[in-house]
Amino acid sequence: MAIPNTRKRLIAGNWKMNGNIRSIDELSEMSKSCDVHHCEVIICPPAILLSEAKQIMTNTSIKIGAQNCHYENSGAFTGEISAEMLVNLGIEAVILGHSERRQHFFEKDDLIKSKARSANNQGLTSIICIGETSEEKHLMQTDTVVINQLRNSLPETFSHSNTVIAYEPVWAIGTGKTPTADEIADVHYKIREYIAKVSNAETSNSIRIIYGGSVNPKNAKDILSVKDVDGALVGGASLLEKDFSRIITATEY
Ligand code: PGA
């Protein structure tokens, strides 16, 4: 029996450590111009802007996500924010295992797995990032690296409704370089195949796998039409309302 494809496209904006209280005006603009129903839109500003962003987007279809969370609900973890606290604020998603956190904050797969488990337990959607470095790509290790990261960072609590997998080649982030359509299709296929192996065909067919790394208004349509690509995680181009809106529009076909 064929399993219906229920994957709603997702465009997520990762502001990273950018933005200030004035960026909230950009968000207000977006809330007016972007009454989006054909895809899901999540904006992930820095933690300090989450509360304000959430208030602005209340009663709009745009969701607010965080860029990180701790795996415990509370405790002596100075500087940290828990998944429970995010949910308390009305936040709906969290980016986990971004390559910048793996690289600069030495986050390893097992830590990412604990965070994702906590996010899932609290009812947040985890956007789990995986991807190879340029060295690994040149050594033809892309598939092995990506599947190993997935195997070790996906918690047993994952399901198609609480988890999104973001394939983000590290060498493509912020560089203006992107893999070819065939390369993206191949990795996304391998990820879906792996999910089928560790769960079942229904989960594998329903889970969203999005691409990230130098997505911009010019290449969005081509990338989003690649087989098995269910959306995009956008960094730099999510900071300007005009660019981000054009990427959202690229999902309309
Ligand atoms: P970029 O970043 O779109 O600026 O390449 C993507 C990301 O880091 O998620």
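This is a predicted model: local features need pLDDT of at least 70, side-chain atom pairs count only at pLDDT 80 or more; totals for chains, interfaces and linings use all residues.
**The parallel strands**

- Start with strand β1 (residues 10-14), which pairs with β2 in the parallel sense over five bridges. Within that pairing, I11 sits opposite V41 of β2.
- On the β3 side, V41 stands opposite I62, and I43 stands opposite I64. To get from β2 to β3 the chain passes through helix α2 (residues 50-57), and this β-α-β crossover is right-handed.
- Strand β3 (residues 62-66) also pairs with strand β4 (residues 93-96), again in the parallel sense, over two bridges. The chain goes from β3 to β4 by way of helix α3 (residues 83-88), in a β-α-β crossover that is right-handed.

**How covered are the strands?**

- For β2, five of its five residues are buried, so call the strand mostly covered. E40, I42 and C44 point one way, V41 and I43 point the other way, and all are buried.
- β3 has four of its five residues buried, so the rest of the structure largely encloses this strand.

**Helices with a buried face**

- In α2, the buried residues are L50, A53, K54 and M57. Looking down the axis of α2, you find those buried residues within an arc of 100°, so they line one face of the helix.
- Helix α11 (residues 241-249) has E241, F244, S245, I247 and I248 as its buried residues. Down the axis of α11 they fall within an arc of 160°, so here too the buried residues line one face of the helix.

- Which residue takes a positive phi just after α2? N59 does, at about 70°, although N59 is not a glycine. You'll find N59 in the loop between α2 and β3. With 80% relative accessibility, N59 counts as exposed, because the cut-off for that is over 50%.
- F106 is another non-glycine with a positive phi, of about 55°. F106 lies in the loop between α4 and α5 (109-122). Its relative accessible area is 63%, so F106 is exposed.

**A look at S206**

- S206 belongs to helix α9 (residues 201-206). Is S206 buried or exposed? At 6% relative accessibility, S206 counts as buried, because the cut-off is under 20%.
- S206 and I91 are 115 residues apart along the chain, and their C-alpha atoms are separated by 23 Å.

**The largest pocket**

- Rolling a probe the size of a water molecule over the atoms shows where empty space is left.
- The volume of the largest pocket is about 540 Å³. Its lining takes in 22 residues, and K16, Q67, N68, R101 and F105 lie nearest the centre.
- Which element gives the largest share of that lining? Helix α4 (residues 99-104) does, with three residues.
- Sorted by class, the lining of the largest pocket has eleven nonpolar, seven polar and four charged residues.

**The cavity**

- A search of the whole structure turns up one cavity of 30 Å³ or more. The largest cavity has a volume of about 30 Å³.
- Its lining is made of G97, H98, S99, R102, C129, I130, G131, E168 and V170. Both α4 and β5 (125-130) each supply at least two residues of this lining.
- By class, the lining of the largest cavity divides into three nonpolar, four polar and two charged residues.
- Helix α4 therefore turns up in both places: it gives the largest share of the pocket lining, and it supplies at least two residues to the cavity lining.

Methods:
Residues are numbered from 1 along each chain as its sequence is written. Side-chain values use heavy atoms; hydrogens and water are left out. On a 1 Å grid over the protein atoms alone, a cavity is a set of points where a 1.4 Å probe fits but cannot get out, and a pocket is an open set with protein on both sides within 12 Å along at least five of seven lines; lining residues have an atom within 4 Å of a point. Grid points are joined across faces, edges and corners, and a volume is the space filled by probe spheres set on the points. Ala, Val, Leu, Ile, Met, Phe, Trp, Tyr, Cys and Pro count as nonpolar, Asp, Glu, Lys and Arg as charged, and the others, Gly among them, as polar. Buried means under 20% relative accessible area, exposed over 50%, partly exposed in between (1.4 Å probe, protein chains only). The arc is that of the directions from the helix axis to the C-beta atoms. Two strands pair if DSSP finds at least two bridges between them. A crossover is right-handed if, with the strands pointing away from the viewer, the path from the first strand over the helix to the second runs clockwise.
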